[in-house]
Amino acid sequence: MRASAYPLVDAADAAALVLEHTPVLGPETVALSEASGRVLAEDLVASSALPPHPASAVDGYAVRAADAGRTLRVVGESAAGRPLFAQVDPGTAARILTGGVVPVGADTVVMVEDTRVDGDSVTVPAVLKAGTNLHRPGADLRAGELVMPAGTQLGPAEIGLAAALGVPRLQVHRRPRVALMSTGDELVEVGETPGPGQIPDSNRWALLAALREAGAEVRLLGIGPDNANDLRKLVTGALHDADALVTSGGVSVGTHDLVKPLLESLGTVHVGRVKLKPGKPFTFATLSEGRLAFGLPGFPVSSLVTFEVFVRPALRKMQGLVQLQRPSLQVRLGFHAQAVGDRTEYHRVTLRREGVELIATSTGSQSSSRLMSLAGAHALVRVPPGDQGISAGSVVEALILSLP
Ligand code: AMP
Ligand code: MG
């Protein structure tokens, strides 16, 4: 049997091997409207100071601190976007509104609540301190300062910063384009009535969601048949505009499992079996022009867990992210976790807070066909191979999928 020729690779070694072969994708320019979630491919340096001018933080009067306690003549008004072009000389003041430019000569702003206004004059408190109630130019950012280094993922605040600096477009890493295919003659479209022995193609939709969450642009190839020629046509037709191919099914050792030979004929298979549960048949290959191919096992949990362990970090590396793994937190096991044989097991758990601790509860039967073991799971606990397992009450690092 052909597939059994592949050596069983340690799960951590396989993950490292995948990342070794994963390229960081080149840059493209996007408008701010399209920048959310993308990763900067260049340093963003402030071309001007923020704020660009001394701006009032309150509604009140711009004055000289040296004029404390005096009654001052009001020479005009500085509103946001409508600066006063007069100077504040000794003995004078300018009415100012929040965001208004503090006029030349003034060194402090007195809140309107602290003044007494009488016609064209204003009386200010007996004690004033220069620099109060105003934002100095460059207080937030100086011109020339590094705002965000390459590798920064752009969220609302980061996009707002770029906009505040007047930058309408940003250089970001390209997002990986992924061709996604399910394989298996037993599969029918979701919504169609399965005939005898048939099941809905659920992996397509689960993996589509996982791919999008990981930042990929997905092209759906639909269901590939268990027929070497048709499969080959479908895959080669889709590869020209893809950075990666992700398939599910067809990688175990049965006679209808055609993905490994296909990937072998198209490139180099680096991983053909992994010491991992679920996900032993996981297959990784490199194809022409640096393209990656991930042959995920068909069982629904196996395909999603191998996606988590191998595909998601690679997709994150491709788009320039620095943090490739899920965040991990210490959790206390509420059960005894036991791996089977020499395979690392990713045990699915829910978490609940108890005081300052997170307590992990098993999601029940960890069968690779039982999606209920992953639905609603908050974390994955890595159980090392061996007879000992991890005893109940132990504190372990868990990969966090979502927090309760
Ligand atoms: P395979 O790896 O092709 O031998 O698939 C193993 C098992 O996974 C199959 O017998 C199906 O029960 C299941 N399976 C394969 N592909 C899918 C899919 N796209 N959606 C749901 N289940 C699948
Ligand atoms: Mg199959």
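Predicted model: local features only at pLDDT ≥ 70, side-chain atom pairs only at ≥ 80, totals over all residues.

Residues are numbered from 1 along each chain as its sequence is written, chains are lettered from A and ligands numbered from 1 in the order in which they are written, and side-chain values use heavy atoms, leaving out hydrogens and water.

**Around ligand 1**

- Ligand 1 has 17 residues around it, and Asp201, Ser202, Asn203, Gly250 and Gly298 come nearest; a residue counts as near if one of its heavy atoms lies within 4 Å of the molecule.
- Aspartate 201 places a polar side-chain atom 2.7 Å from a nitrogen atom of ligand 1.
- A polar backbone atom of asparagine 203 is 3.1 Å from a nitrogen atom of ligand 1.
- Glycine 250 has a backbone N or O atom 2.8 Å from an oxygen atom of ligand 1.
- Taken alone, ligand 1 exposes 490 Å², and the protein buries 80% of that; such areas come from the Shrake-Rupley method with a 1.4 Å probe.

**Salt bridges**

- Side chains of opposite charge can pair when their charged atoms come close.
- The count comes to 17 salt bridges, where a salt bridge is a side-chain nitrogen of Lys or Arg within 4 Å of a carboxyl oxygen of Asp or Glu.
- One salt bridge joins the side chains of aspartate 243 and arginine 177 (3.7 Å, N to O).
- This pair links distant parts of the chain, 66 residues apart: aspartate 243 is in the loop between helix H4 (228-239) and S18, and arginine 177 is in strand S14 (residues 177-183). Helices (H or I, at least four residues) and strands (E, at least two) are DSSP runs, numbered from the N terminus.
- Aspartate 243 counts as buried at 9% relative accessibility, whereas arginine 177 is partly exposed at 32%. Buried means under 20% relative accessible area, exposed over 50%, and partly exposed in between (1.4 Å probe, protein chains only).
- Arginine 204 and glutamate 189 also meet through their side chains in a salt bridge (2.9 Å, N to O).
- Arginine 204 lies in helix H3 (residues 202-213) and glutamate 189 in the loop between strands S15 (187-188) and S16 (199-200), so the pair ties together parts 15 residues apart in sequence.
- Arginine 204 is buried at 7%, and glutamate 189 is partly exposed at 31%.
- Glutamate 308 and arginine 326 form another salt bridge (2.7 Å, N to O), and both residues are buried.
- Salt bridges that share partners join Glu213, Glu308, Arg312 and Arg326 into one network.

**Two loop residues**

- Aspartate 257 is in the loop between strand S18 (244-248) and helix H5 (259-266).
- Aspartate 257 is buried yet has no salt bridge, and the nearest side chain of opposite charge, lysine 260, is 7.9 Å away. Here Lys and Arg count as positive and Asp and Glu as negative, with His and the chain ends not counted.
- The side chain of aspartate 257 does make a polar contact with the side chain of serine 252 (3.0 Å). A polar contact is a pair of N or O atoms within 3.5 Å; within protein, one must be able to donate a hydrogen and the other to accept it, and residues adjacent in sequence count only if both atoms are side-chain atoms.
- Alanine 66 sits in the loop between strand S5 (60-63) and strand S6 (71-78), and is exposed at 73% relative accessible area.
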